[in-house]
Amino acid sequence: MNALTIKRRVVIPMRAGKVMAEFVSFNGDDSGKEHIAIQCEGVSLEKSDIPLVRLHSECLTGDVFGSGRCDCGEQLDEAIDLINEQGGYILYLRQEGRGIGLYAKLDAYALQDQGYDTYQANEMLHLPQDGRDFSIAAKMIKALGLNKIRLLTNNPDKAEQLKDNGILVEEIVPTGVHVNEYNRDYLETKAKRKQHTIILGKG
């Protein structure tokens, strides 16, 4: 994949006009997935000169329908609030189900209902535990003209992949912990198996 260039910028009011965001599309991505950058200038007088960036992988069930089986929808809402306040970007990556796709994610959910954890379920489907490639995010960041960022994440792999692709991660800003009765095991598994910086209280 060659370097990306910006195709178009369009201002879209979100949250009934309370958040003004610029949606940015790109040329040069041959994956056909139509990843998008969402920029907010920031409304705080104390905002940092280094933009806050969230790499958010698409989650139809969580982002759109508020699924309790993950924390994706809550993390997206949190990112919108923080980036609107501090200034920066949400890179919305079309990598549903940690890169395995929506139908496969539902198949994995069915296996989780039988007692397997989220990574075991993917393996049983002969799919990667996490098939996401964040090099596309690095290309998007470069196309946006950024040389260093503050990264909003609990996932150390995102920071490592960005660094490996030439992005200076000045600071890692942890996301909140959005736990409920349906996603506790899922969050505990991410913390134990993939070292996500998630601290859960007693259920």
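Helices (H or I, at least four residues) and strands (E, at least two) are DSSP runs, numbered from the N terminus. The model is predicted: local features need pLDDT of at least 70, side-chain atom pairs count only at pLDDT 80 or more, and totals for chains, interfaces and linings use all residues. Residues are numbered from 1 along each chain as its sequence is written, and side-chain values use heavy atoms, with hydrogens and water left out.

**Exercise 1. Work out which side of α6 is buried, and what it packs against.**

Step 1. List the buried residues of α6: K158, A159, Q161 and L162.

Step 2. Test their directions. They cover an arc of only 165° around the axis, so they lie on the same side of α6. The arc is that of the directions from the helix axis to the C-beta atoms.

Step 3. Recall the helix geometry. An α-helix has 3.6 residues a turn, so residues three or four places apart point the same way.

Step 4. Name the partners. The buried residues of α6 pack against β4 (52-57), α5 (135-143), β6 (148-152) and β7.

**Exercise 2. Describe the start of α6, D164 and what follows the helix.**

Step 1. Look at the start. There, a side-chain oxygen of N155 comes within 3.0 Å of the backbone nitrogen of D157.

Step 2. Turn to D164, in helix α6. Its relative accessibility is 65%, so D164 counts as exposed. D164 and S135 are 29 residues apart in sequence and 8.5 Å apart in space, C-alpha to C-alpha.

Step 3. G166 follows α6, and its phi is positive, near 85°.

**Exercise 3. Decide whether K105 is buried or exposed, and list its contacts.**

Step 1. Locate K105: helix α3 (residues 102-112).

Step 2. Apply the cut-off. The relative accessible area is 7%, so K105 is buried.

Step 3. List the contacts. Leaving aside neighbours within four places in sequence, K105 meets C59, L60, T61, E96, G97 and I100.

Note on methods
Buried means under 20% relative accessible area, exposed over 50%, partly exposed in between (1.4 Å probe, protein chains only). Contact means heavy atoms within 4.5 Å. A polar contact is a pair of N or O atoms within 3.5 Å; within protein, one must be able to donate a hydrogen and the other to accept it, and residues adjacent in sequence count only if both atoms are side-chain atoms.
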